[in-house]
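Welcome! Keep the viewer open as you read.

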Amino acid sequence: MAHGRTSGSKLFMTVLCMVAACNAVPITELLDRASQRSDKLHSLSTTLTQELDSHFPPIGWMIMPRPSMCHTSSLRTPNDKEQALQVSESDLLSLARSLLKSWVDPLLVLSTSVNTLPHPAQSSISNKIQELQENSKSLGDGLDILSGKMGPAAQTVSLLPYRGGNDIGQDRISKLTNFHFLLSCFRRDSHKIDSFLKVLRCRAAKLQPEMC
């Protein structure tokens, strides 16, 4: 029993040290890390979209849903950097977290459906989708820590449920088109997340707006 209590105490102290270490990291450094991670996320999604473009049937462009059909389109976000500069820090972080959390289920759909994707670079795409999931999870954890430092408004998250289902299609054209559409939506949102975090980083570093 004494050994159990000792082990429990060591574990508790380890957790306390980790919490203390997290709290000791200044917001500017946390924003730097988050911005680097979001940049990686957007870069990966852009590379993936380009890989799909290399083997995408012309009819796919004709039948692909419009961007307004993305499941996150209902969230009102700044359209450009100028608008983002007018939004408070807490609200920007809330928007970034809302977008990121809304992609947990869709990224899982991409991950499971990529195994049957009729594309010559299927293996490479599969690896990059896994990277997207890992980077998204890591960024989400970091933003959760940040929101705790920035107050209740930053901790507010808008629920944007994905209702597209797990089936991306039965035939080759449907699979490629639906997969591409979902990934294109993620690329658009990852760009927004990256832009919001870069504005936050500039503000924290007290840089002029034109430098952001």
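## The chain as a whole

Of the contacts in the chain with a separation of 6 or more, what percentage is accounted for by residues 24 or more positions apart? The value is 86%, where contact means heavy atoms within 4.5 Å. The chain has nine helices and zero strands, giving the pattern α-α-α-α-α-α-α-α-α along the sequence. Helices (H or I, at least four residues) and strands (E, at least two) are DSSP runs, numbered from the N terminus.

Buried residues make up 41% of the 212 residues; buried means under 20% relative accessible area, exposed over 50%, and partly exposed in between, with a 1.4 Å probe and protein chains only. The chain exposes about 11600 Å², and carbon and sulfur atoms supply 56% of that area. Accessible areas come from the Shrake-Rupley method with a 1.4 Å probe, and for residues only the protein chains shown count as cover.

Residues are numbered from 1 along each chain as its sequence is written, and side-chain values use heavy atoms, with hydrogens and water left out.

The average pLDDT (the predictor's confidence in each residue, from 0 to 100) is 86, and 86% of the residues score at least 70. Over residues 1-22, pLDDT stays under 50, and the model has two contacts beyond four places in sequence for them. Where pLDDT is low, the predicted coordinates should not be read in detail. Valine 25 lies in the loop between α1 (2-24) and α2. Its relative accessible area is 13%, so valine 25 counts as buried. Leaving aside neighbours within four places in sequence, valine 25 is in contact with Leu30, Arg33 and Lys149.

Does the length of α7 point to what its residue count predicts, or how many Å apart are its end C-alpha atoms? They are 41 Å apart, which agrees with the 40 Å that its 28 residues should span at 1.5 Å a residue; the expected span is 1.5 Å times one less than the number of residues. Among the buried residues of α7 are Ile125, Leu132, Asn135, Leu143 and Ser147. The buried residues of this helix pack against α2 (27-53), α5, α6, α8 (152-155) and α9.

Serine 147, in helix α7 (residues 122-149), counts as buried because its relative accessibility is 3%. Beyond four places in sequence, serine 147 is in contact with Leu93, Arg97, Ala154 and Gln155. After α7 comes glycine 151, whose phi is positive, near 95 degrees.

## The nonpolar core

The largest nonpolar core has 50 residues, and those with the most contacts inside it are Ile125, Leu132, Leu143, Phe179 and Leu197. Such a core is a set of buried Ala, Val, Leu, Ile, Met, Phe, Trp, Tyr and Cys residues joined through side-chain atoms within 4.5 Å. Two or more residues each come from α2, α5, α6, α7 and α9, and α9 gives the largest share, twelve residues.

## Phenylalanine 56 and tryptophan 61 form an edge-to-face pair, 4.7 Å centre to centre with 70 degrees between the planes. Phenylalanine 56 is buried at 10% relative accessibility, whereas tryptophan 61 is partly exposed at 46%.

Tryptophan 103 and phenylalanine 186 form an edge-to-face pair as well, 5.2 Å centre to centre with 80 degrees between the planes. Tryptophan 103 lies in the loop between α5 (89-101) and α6 (104-113) and phenylalanine 186 in helix α9 (residues 172-204), so the pair ties together parts that are 83 residues apart in sequence. Both tryptophan 103 and phenylalanine 186 are buried.

Notes
Rings of Phe, Tyr and Trp (its six-membered ring) pair if their centres lie within 6.5 Å; planes under 30 degrees apart count as stacked, over 60 as edge-to-face and the rest as tilted.
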